[in-house]
Amino acid sequence: TRAGRRVARLARAYAPEANDSRDALALLADDDLDPSRSAALGWALGLRLRDAGDAAGAVATLTRFHARYPKATAIAGTLSAWLREAGDPLAASEVLRGTAAALGDDPFAASLAVEAGLACWWAGDRDAALRAFELAEGPGRNGKSGVIGEWTPRAATQPTEPRAPSDPDER
């Protein structure tokens, strides 16, 4: 029966010394019909792969589950951190922007978009940073853009080296 196979996979997935525990966990994650549980199992699989020394497999697994469940913030945060550690801040930013877009009009989504924008900015991709900051801002209230919308176009035209403005209004 389906329930019997699930119980057997659970036992193998969490057996302390089982050689096939990652395979069993992968099957559980792929076969689970509940999106939250499938995402959690996929995240656990990614962590298990990374812990076993398979960083590339862990990133590939979380990338696959992030594409399937873009609202899963644990997956997005972990994947983004691993991509940043691997020296790919633009890919890390893309993960955060995807999750922010999936979450919609939510303060946490805005914070992810700001983090994505800063990562792009520091990596030198001003256009991607502007898109992320626009996502963070969301639709303007009363047709007006907010602080980020006013700051980013001006900042994009400034030199990359900071300078201290002498005019108090500029500060």
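In this predicted model, helix 5 and helix 6 pack with their axes 7 Å apart, at an angle of about 165 degrees. An angle over 145 degrees counts as roughly antiparallel, and helix 5 and helix 6 are therefore roughly antiparallel to each other. The crossing of helix 5 past helix 6 is left-handed. On the helix 5 side, the residues in contact are Thr73, Ala76, Leu79, Ser80, Leu83 and Arg84, and they meet Ala91, Ala92, Val95, Leu96, Thr99 and Leu103 of helix 6. Sorted by class, this contact has 8 nonpolar, 3 polar and 1 charged residues.

Helix 5 also packs with helix 3, which covers residues 35-51. The axes of helix 3 and helix 5 come within 9 Å and cross at roughly 30 degrees. Angles under 35 degrees count as roughly parallel, so helix 3 and helix 5 are roughly parallel to each other. Their crossing is left-handed. Here Ala39, Trp43, Gly46, Leu47 and Arg50 from helix 3 meet Ala74, Ile75, Thr78, Trp82 and Glu85 from helix 5. By class, that makes 6 nonpolar, 2 polar and 2 charged residues in the contact of helix 3 with helix 5.

Here are the two pairings side by side.

| Helix 5 and helix 6 | 7 Å | about 165 degrees | 8 nonpolar, 3 polar, 1 charged |

Now for a look at helix 6 itself. This helix runs over residues 89-103, 15 residues in total. From its first C-alpha to its last, helix 6 reaches 21 Å, close to the 21 Å expected at 1.5 Å a residue. Which residues of helix 6 are buried? They are Ala92, Ser93, Val95, Leu96, Arg97, Thr99 and Ala100. After helix 6 comes Gly104, and the phi of Gly104 is positive, near 75 degrees.

Buried in helix 7 are Ala109, Leu112, Ala113, Ala116, Gly117, Ala119, Cys120 and Trp121. Helix 7 is followed by Gly124, with a positive phi near 95 degrees.

Val114 also lies in helix 7. Is Val114 buried or partly exposed? Its relative accessibility is 27%, so Val114 counts as partly exposed. In sequence, Val114 and Ala136 are 22 residues apart, while in space their C-alpha atoms are 5.8 Å apart.

Stepping back to the whole chain, the secondary structure comes to 9 helices and 0 strands. Along the sequence, the pattern reads α-α-α-α-α-α-α-α-α. The protein chain has 171 residues, and 33% of them count as buried. Among contacts between residues at least 6 apart in sequence, 38% join residues at least 24 apart.

Methods:
Residues numbered from 1 in each chain as written. Predicted model: local features only at pLDDT ≥ 70, side-chain atom pairs only at ≥ 80, totals over all residues. Heavy atoms only, no water. Helix = DSSP H or I, 4+ residues; strand = E, 2+ residues; numbered from the N terminus. Expected span 1.5 Å × (residues − 1). Buried < 20%, exposed > 50% of the residue type's maximum accessible area, 1.4 Å probe, protein only. Axes fitted to C-alpha atoms, helices over the stretch in contact; angles between N-to-C directions. Parallel < 35°, antiparallel > 145°, perpendicular 65-115°, else oblique. Left-handed = near helix turned anticlockwise from the far one by under 90°. Contact = heavy atoms within 4.5 Å. Nonpolar A, V, L, I, M, F, W, Y, C, P; charged D, E, K, R; others polar.
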